Amino acid sequence: MDVVSDAISAVRIGQPSSNRLQVEGSWSTRLAPYGGAGFHVVLAGGCWLVPDGGGAAVTLGAGDVVLLPHGTGHVLADAPGDTARAVPFEEMRRPAGGGVGSEVGGGRGVELLCGKYRLDRSRVHPLMAELPEVVHLPNRVGAHPELRAAVDLLARELDERRPGSCLALPSLLDLLLIYMVRAWMSDAATGVEAGGATGVWPAVLSDPVTTVALRALHSDPAAPWTNDRLAAEAGVSRATLARRFTALVGRPPMAYLTWWRLTRTAALLRDTDVPLASVARETGYSTPYALSHAFSREFGVTPGRYRAGVRGG
C-alpha cells in the first residue's frame, strides 16, 4: 500500500451514498454538517456553494468537482445571496423513476450528483486532516484527465436500469475520492489554488528521501524497522533521514511507525474479524499482549473493547 491509499483506507467505512439533483429557476438548499465527507459533481449548468462559517462562496460550472472532506455544512443555490431561504436537502428530495437515489426538481437547468462518504474520524491520517474545508477542482482543459474520465463515467452510469450499475456506481464513487485527493495534491504541489491551502503532505511526498521511507513503512509496517535500517533503505545517513523526515512529517520516523501501526490495528479491529494474534503479527507486535499494552496506552481501551464498541455503532 502507498501512503495515499493507506490514508484513505484508514478512515473509509461502508459505501458512499449519492443523489442526483435536477433543478431550474430560483432555488437554494442546505446540507447540514456531516461526520464524513461530502462531494458534488456538476453534470450540467452551474450554481454556487456557500460554506458555513463565513467561508467564501464558490461558483461551480459544468464538469466541476467539489469535495468537502471534513463534512462542512453548506448551501447550494442558483445565486450566492441570502442563504436563509435555503430548504433542507432532505425536504427537497422527491423520488423519480430512472435515477440513482433520488432526483429532485422539475427541470434540467442544473444537474448535480451530490453524495457522502462515511469516514471514521477517530484516527485520521494527517494527509486527510490537512485537506481544506472546501476542495474545488474546476473543469480546466487538460487538467486531471483521470478525474475528468471518472466524472464522464459517472454521468453515463446515472441510470439504475443499466446492467451492473448497482455495482459500478459505488466503485466509481470510491475512485472519485482517490482522484479528488490526488488532484488536490497535484494542484497544491504546483501552487494551483484548490481550496486556499497549499498543504504539507504534497511537499512530503515530493521529497525523495521521505517518500522512500514512508513507502517502506507503509509497505511492510510489521518489519523490524530501526532508524539505521530505514536510513539504508532511503540511501542516506541516519541523521539526514531523521532531520528531513521529522521536519516534513512532523514526527520522527519511529514515532510515525508506532502511530501508523496502531492506526492500522484500529482499522483491522474495525473492519475484520481477524484474531488479535494475527493482528499483532500483521502490525509488527511480537505478542497479542504487547499489542494490547501499546493499543490501550494510545486509545485508552483494550483492543477487544474497541472492536466491540465500533461494532456496536
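**Reading the sheets, helices and cysteines**

Mentor: Buried stands for under 20% relative accessible area, exposed for over 50% and partly exposed for what lies in between, with a 1.4 Å probe and protein chains only. Helices (H or I, at least four residues) and strands (E, at least two) are DSSP runs numbered from the N terminus. This is a predicted model, in which local features need pLDDT of at least 70 and side-chain atom pairs count only at pLDDT 80 or more, while totals for chains, interfaces and linings use all residues. Residues are numbered from 1 along each chain as its sequence is written, and side-chain values use heavy atoms, with hydrogens and water left out.

Trainee: Which strands does strand 6 join by bridges, and in which sense do they run?

Mentor: Two strands are said to pair if DSSP finds at least two bridges between them. Here, four bridges join strand 3 (residues 37–44) to strand 6 in an antiparallel run, with Phe39 opposite Leu67. Three bridges, again antiparallel, link strand 6 to strand 10 (residues 135–137), where His136 is the bridge partner of Val66.

Trainee: What is the order of the strands in that open sheet?

Mentor: The five strands follow the order 1-9-3-6-10, with antiparallel pairing. Strand 1 (12–23) and strand 10 are at the edges with a single partner strand each, so one side of each has no neighbour in the sheet. From one strand to the next the twist averages 15 degrees, where angles run from 0 to 180 degrees between N-to-C directions and axes are lines fitted to C-alpha atoms, for helices over the stretch in contact. Strand 1 pairs with strand 9 (residues 110–119) over nine antiparallel bridges, and Arg20 has Leu113 as its bridge partner in strand 9. Helix 5 (residues 165–190) packs on this sheet, touching strand 1, strand 3, strand 6, strand 9 and strand 10, and its direction makes about 90 degrees with that of strand 1; touching, or contact, means heavy atoms within 4.5 Å.

Trainee: How do helix 7 and helix 9 cross?

Mentor: Two packed helices are described by the angle between their axes and the distance between the axes. The axes of helix 7 (residues 208–219) and helix 9 (residues 238–249) come within 9 Å and cross at roughly 85 degrees. The two helices are therefore roughly perpendicular, a term for 65 to 115 degrees, whereas under 35 counts as roughly parallel, over 145 as roughly antiparallel and the rest as oblique. In their contact, Pro208, Val209, Thr210, Ala213, Leu214 and Leu217 of helix 7 meet Leu241, Arg244, Phe245, Leu248 and Val249 of helix 9.

Trainee: How many disulfides does the count give?

Mentor: A disulfide is a pair of cysteine sulfur atoms within 2.5 Å, and by this rule the count is zero. For Cys114, the nearest cysteine sulfur, that of Cys47, is 8.0 Å away, and Cys114 is buried at a relative accessible area of 4%. For Cys166, the nearest cysteine sulfur is that of Cys114, 19 Å away, and Cys166 is exposed at 64%.
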